[in-house]
Amino acid sequence: MDLLDDCIAEKAFKSLLGSFGIEIPSQASPVHLEDLEKQENSVKSVLEIIQEQDKGHECSVSGPPHDLPIQRAVNMIVGSLPGSQLKKPSGLPSEAAGEAHAMSLLRKEAERTIALLRHRQNTLLPVAHLPPEVLVQIFHDSLEDTWRDISALQRSLLLVCRDWTTVVEGTASLWSRIDLIRSNAGLRYLVISLERSKTQLLDIDYHCQYSKGIRPDVLVQKICKHMDRWRCVRLTLEGTVEDLSLFSSTPPLQLETFKWVTMIGIGDPLPFFNEKPLPMLQDIHLELCQIDWTAKASSFKNLRNLDLIRIYPGPSTLQLLLILHQSPSLESLQIDRVEFQSESSCQDTLPPTICLHKLNRLFIWTPPTFMSGILSRIQIPNCRSFRLYSRVPGDDWSTFVTEALEPHLSVMQSLSKNVMDVALTWINGALIVMANRSIIAPSVLTALELKFGIGVNRMPDVLDWVALDMGLEAAQVPFRLALSSDQLEWTDAVSSTLSRFKGVTSLELLEPSNTQLRLVSWLAQPLSIPSDKGEKATFPFPRLTAVQGLNSGIAGSVIKMIQTRNGLNPLPSSISMELPVRLEIVQIRESASRKLDRGSGRLLEEAMCGGEVIIS
């Protein structure tokens, strides 16, 4: 509406509201929030009348006829506007065009009045009187949830009221976090955020599979223009379409966290900011990308977290040790399936031992030679999450223990004393040890995890090391033991080794085999003890409450074992005996050729004394 239309429409609409007994107080008049809400509803009713009559429909608002007040307001507008001011829709006579234009002005004036009433209501709310800096802090707190769509939250804040829109659009820090992973925002949002964030340091998250609105090559072009403002940049790109030379334009001297992952192809080597040192860089995550380690290893300094995952080629052991030596405050180290390069001809000038006092998380998955080369040179006295994965040839086990594991036995023993439960699995010649949920730090789900592929014939040696050297025999915590019995040859050495683990509460047999019969017979017999000790004889795994994966073909031996351990079979009176705890769960696995008969099922239930029998 132009100025003349505005004045005439305001006067006519005010007269119309008066006809309905509605009076809008002036801005200077004191008013209550409830009164404004009632006035807003009344104006909405008048707007509905105008819309209905403008459409030529019968008015739907209950009450007396409203045609006369509406017509008077229309006539007031038509009579006040000169003929040249009337906007004449095509095909309408002059009189009809004037009335249509007047109705349009009334409708717009009603909408404007409602907006003003709402704005005045907002000014009466307590939140409207908060200082701008407090309001900005509230907005920051609402945007800190890392699992919500930041762009949607920003749009919501912009739509509340004009004051909020002004604050949000004018506060650069509210636009410095650009999360393109958990939002459907496109290129326009990225451009607006980069513009409104002004000189603020940027946090940018992007994933080429989830950020569908922006192509990875376009993203790289846009954000590399602002490299001087990078603080935390986490990018998952295709690795084939991006122009990586853009990363050499301006060194991001404010960069603290950098994550680079390629999804489709490793692509060209990452120039890594023209190989210039980045003084603020603390967290690095590199996955499936190429790095010139000869030039870069010496530039990685004072790191807090370092994750190298499936890097081809990776650094040499000496280059990695150089990075660790330059990062004495390192807190987390992950080396996951990295293809280590052979050592260069340069001289090893590093100290024989690199002490990482602050390292609390270690994960290494490499061949044993490279694992030994790393673990033999570092000290991690305060590590609280210790995870090693490797495939160790049986003949190399003793050497591997000496070089890689013995330097860290004190750490593993400390963790063994503080865990709440342990999972130990031997499957196809591989040992897996997991000690879960530390008593000291319950939030650390995995405090100790070892996974070694070793020959079956080395099982007694390896389990002896786990029980004695690592300290899990002395750790009085529940054990969950899983055995792959298919390749397990039951010998006195195996039974003697397993008897060390007195904390086993759950036993799972992963494959049915003939070895099960000897294992079940061993569980049914008390362990022999020297007569001169005067101690009571105990059964293997005295705390065992659950056995799973038993073969239905040895049901008779299983029943006898349960009866004996549950105290239903008489024991020799000449031996001082201490019964184990009662079994609570037994699972029988039926084969296609050997089903469990009813008689055996009934005997099983009787032997369990109320415990659970599972047939699968």
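A residue counts as buried when its relative accessible area is under 20%. Glu 40, at 8%, is therefore buried. The model described here is predicted. Its chain has 616 residues, of which 46% count as buried, and its secondary structure comes to 19 helices and 21 strands.

**Chain as a whole**
- The chain exposes about 30100 Å², and 51% of that area is supplied by carbon and sulfur atoms.
- Taking contacts between residues at least 6 apart in sequence, 70% join residues at least 24 apart.

**Glu 40**
- Helix 2, which covers residues 33-54, contains Glu 40.
- Beyond its neighbours within four places in sequence, Glu 40 is in contact with Ile 114, Leu 117, Arg 118 and Gln 121.

**Largest pocket**
- The volume of the largest pocket is about 430 Å³.
- The pocket is lined by 18 residues, and those closest to its centre are Glu 10, Lys 14, Ile 24, Pro 25 and Thr 113.
- Helix 1 (3-19) and helix 4 (94-124) are the elements that give two or more residues to this lining.
- Sorted by class, the lining residues are seven nonpolar, four polar and seven charged.

**His 285**
- His 285 sits in strand 5, residues 283-287.
- Its relative accessibility is 15%, so His 285 counts as buried.
- The side chains of His 285 and Asp 307 are joined by a polar contact of 3.3 Å.
- Not counting residues up to four places away in sequence, His 285 touches Asp 307 as well as Phe 258, Lys 259, Trp 260, Val 261 and Ile 309.

**Backbone details in loops**
- Leu 288 is not a glycine, yet its phi is positive, at about 55°.
- The loop that holds Leu 288 runs between strand 5 and helix 10 (293-296).
- Phe 541, likewise a residue other than glycine, has a positive phi near 50°.
- Phe 541 belongs to the loop between strand 17 (537-538) and strand 18 (546-551).
- With a relative accessible area of 1%, Phe 541 is buried.
- A cis peptide bond, with omega near -10°, leads from Tyr 312 to Pro 313.
- Pro 313 lies in the loop between strand 6 (305-309) and helix 11 (317-325).

How values were computed. Residues are numbered from 1 along each chain as its sequence is written. This is a predicted model: local features need pLDDT of at least 70, side-chain atom pairs count only at pLDDT 80 or more; totals for chains, interfaces and linings use all residues. Side-chain values use heavy atoms; hydrogens and water are left out. On a 1 Å grid over the protein atoms alone, a cavity is a set of points where a 1.4 Å probe fits but cannot get out, and a pocket is an open set with protein on both sides within 12 Å along at least five of seven lines; lining residues have an atom within 4 Å of a point. Grid points are joined across faces, edges and corners, and a volume is the space filled by probe spheres set on the points. Helices (H or I, at least four residues) and strands (E, at least two) are DSSP runs, numbered from the N terminus. Ala, Val, Leu, Ile, Met, Phe, Trp, Tyr, Cys and Pro count as nonpolar, Asp, Glu, Lys and Arg as charged, and the others, Gly among them, as polar. Buried means under 20% relative accessible area, exposed over 50%, partly exposed in between (1.4 Å probe, protein chains only). A polar contact is a pair of N or O atoms within 3.5 Å; within protein, one must be able to donate a hydrogen and the other to accept it, and residues adjacent in sequence count only if both atoms are side-chain atoms. Contact means heavy atoms within 4.5 Å. Accessible areas come from the Shrake-Rupley method with a 1.4 Å probe; for residues, only the protein chains shown count as cover.
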